[in-house]
Amino acid sequence: MDHKVQGEHRTRDIGIRVYSPPNIHFWQPSPSARHFPRLFFTMLTVLQGSRLIDPSAPGAKPGGTIADLWWRDGYLIKAPEKGTVADQTIDGSGCITMAGGIDLHTHIGGGKITLARMLLGDQMPPWREATRVNGEDAASCEFLPSASVTASRYLDMGYTTCFEPAVIPCNARSAHAEMADIRGLDTGGYCLLGNDDVLLRLIADDEPQEVINAYVAWMVQATRCIAVKVVNPGGINAFKFNEREMDVDTQHPKYGITPGQIIRVLCRAVSEIGLRHPLHVHCSNLGVPGNIDSTLATIRAADGYPIHLTHAQFHSYGTEGPYKFSSSAAKLADALKANPNVTLDVGQIQFGQTVTISADAMHQFDNRNLAKPRKSVLLDIECEAGCGVVPFKYARREFVHSLQWAIGLELFLMVDNPSRVFLTTDHPNGGPFTAYPHLIALLTDRSLRETALSEIHSDAAAASSLAGIDREYSLDDIAVMTRSAPASILGLSDRGRLQPGCVADVVVYEENANIETMFRTPRDVFKQGVRIRSRGQNVETATAARRDSTLVASVEVDPTYVPKFRDMHARTGTFAMDRLQISKGEMDDVIGTRLVETTWPENQDG
Ligand SMILES: [Zn+2]
């Protein structure tokens, strides 16, 4: 059913009555680019009679409740007194409403994407062929979309906040700048540490934890990040000393420390400096058969501190069976049951062409032999980390790829708490993020899974326990996994839920028995209360005037040890450490984003 929007906008509070077209954008550009656009007048909106799905709400009923949802000036509010007339009324009957989706791991910024585009120039549309439709590039590579296409594709799935998980400190400026170009999405980044010489030297010298904490806090605030990630702890650095593999207890050839030590020290630092998001860990032995052992060893190394295992599908492999490659999803799911400090995102693969881009130069070096097309890029980045770009094609006829597909789904379905397993394809590594509506459909419908299972390599289907899993996600489970749980684990108290005080990032889907169709084309997407997309079209020019936010952690930095870090950095860096510092003014004036420090109230539940 079509929605109705009243054409009269008024503000009772201040007695101003404004006549305007229905799609008025009330965020006006500020007279000076230095300031965030000012609110011109207030506006009260009600979305009437849709099914609100927010299982995190107090007293929420399974399957949601049909009710009105109110917001004023970009924030959800309690229903006002009976008889209150809204400035804008939207009919939500026959619709399902959720908060805007949050993607906690998607590669959308930083130099590695540019490298991938350069490497795969033949897959990208030539600029002269790209046409503009609705202000967007009409042609764009499916797995390496341009910034504007990334924005519209995310908004068209109902996602409004996304995080780039691998911000190498010296690339932080470009990562934030690229993300600022993704108009309509709020973004953030995770600072990549754990292969940088300063941190490895501090650990090797057995420096007290407070020194490590001071270093981690300085780097997080300097790079304007919200969390800390480690990729193949110590392994990228060891690769530069000709190591080609590294287990959790292998000693680094130069520093003599182990990945396990790095994990323990970093998990503790993240916890003690007060970051809400646990250490985000890309484990050792990416993609190696039998790597479940190092994944379980990584959990032990965390010593009970919170730890998030990213793209866990790529780290859940055994060596059983005739192919010496088997699923260990059940072992990892059991480990989650036994260790409440652990969460994971899946990194589900999708069949088809994509490109893998990872800081894990050690394993991308191995994977170069699998490149399709047969070319790759491997490089060091200022001794801070590394980078490997390897194009890849996942094929159903390949046993390994088929089993990888099944292992990902096993993880989703075996971890029984949807607030501890997150929907990711590790875009673009497992496939493009545009696979999410299809994946949601597979999780909610066993018969659809069985059909898909019958199409993969038959030995992989037989080797997987997927056929025996009855579980079907409910819409409540989907809302937890893609909204409230990522908000909670990232400390975003203002989103992921449909509760008063939250930012009005609201998505309205027309109810449809075909879940994939429903999640692929929301009827309306509201960003901070403004309807910016409708059925895959731009409907609001406010995105051009409004600045999106960069969400960052609020951390206190102890300056005591900064001179020491500066000296240490000078020994391996090619520039002064202070150059890493991005000022608030630079974010605002140069990069063009609004810096927002996130907070998570002590007494708020996850
Ligand atoms: Zn990733």
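Predicted model: local features only at pLDDT ≥ 70, side-chain atom pairs only at ≥ 80, totals over all residues.
Strands of a sheet pair through backbone hydrogen bonds, and the pairing can be either parallel or antiparallel. Here three strands form an open sheet in the order β19-β21-β20, and their pairing is antiparallel. The edge strands are β19, which covers residues 352-358, and β20, which covers residues 377-381, and each of these pairs on one side only. From one strand to the next, the twist averages 15°. If we look at β19 and its partner β21, which spans residues 385-394, we find that the two run antiparallel and are joined by seven bridges; as one example to find in the structure, Thr356 has Val390 in β21 as its bridge partner. A helix also belongs to this picture, for α1, made of residues 111-119, lies across β19, β20 and β21 and runs at about 45° to β21.

We turn next to helices that pack on each other. Two packed helices are described by the angle between their axes and the distance between the axes. Helix α5 (residues 209-222) and helix α7 (residues 259-272) have axes that come within 9 Å and cross at roughly 70°, and α5 and α7 are therefore roughly perpendicular to each other. The crossing in which α5 passes α7 is right-handed. On the α5 side the residues that meet α7 are Gln209, Ile212, Asn213 and Val216, while on the α7 side they are Val265, Arg268, Ala269, Val270 and Glu272. Sorted by class, this contact of α5 with α7 has five nonpolar, two polar and two charged residues.

Helix α7 also packs with helix α8, which consists of residues 292-301, and in this pair the axes are 8 Å apart at an angle of about 40°, which makes α7 oblique to α8. The crossing of α7 and α8 is right-handed. Gly260, Ile263 and Arg264 in α7 meet Ala297, Thr298 and Ala301 in α8, and by class this contact has three nonpolar, two polar and one charged residues.

Is Ile456 buried or exposed? Ile456 counts as buried because it has 23 C-beta neighbours inside 10 Å, and the cut-off for a buried residue is 20 or more. Leaving aside its neighbours within four places in sequence, Ile456 is in contact with Arg396, Ser402, Trp405, Ala406 and Ala461. Of these, Trp405 is 51 residues away from Ile456 in sequence, yet their C-alpha atoms are 8.8 Å apart in space.

Terms used:
Residues numbered from 1 in each chain as written. Pairing = 2+ DSSP bridges. Helix = DSSP H or I, 4+ residues; strand = E, 2+ residues; numbered from the N terminus. Axes fitted to C-alpha atoms, helices over the stretch in contact; angles between N-to-C directions. Contact = placed C-beta atoms within 7 Å. Buried ≥ 20, exposed ≤ 12 C-beta atoms within 10 Å, placed from the backbone. Parallel < 35°, antiparallel > 145°, perpendicular 65-115°, else oblique. Left-handed = near helix turned anticlockwise from the far one by under 90°. Nonpolar A, V, L, I, M, F, W, Y, C, P; charged D, E, K, R; others polar.
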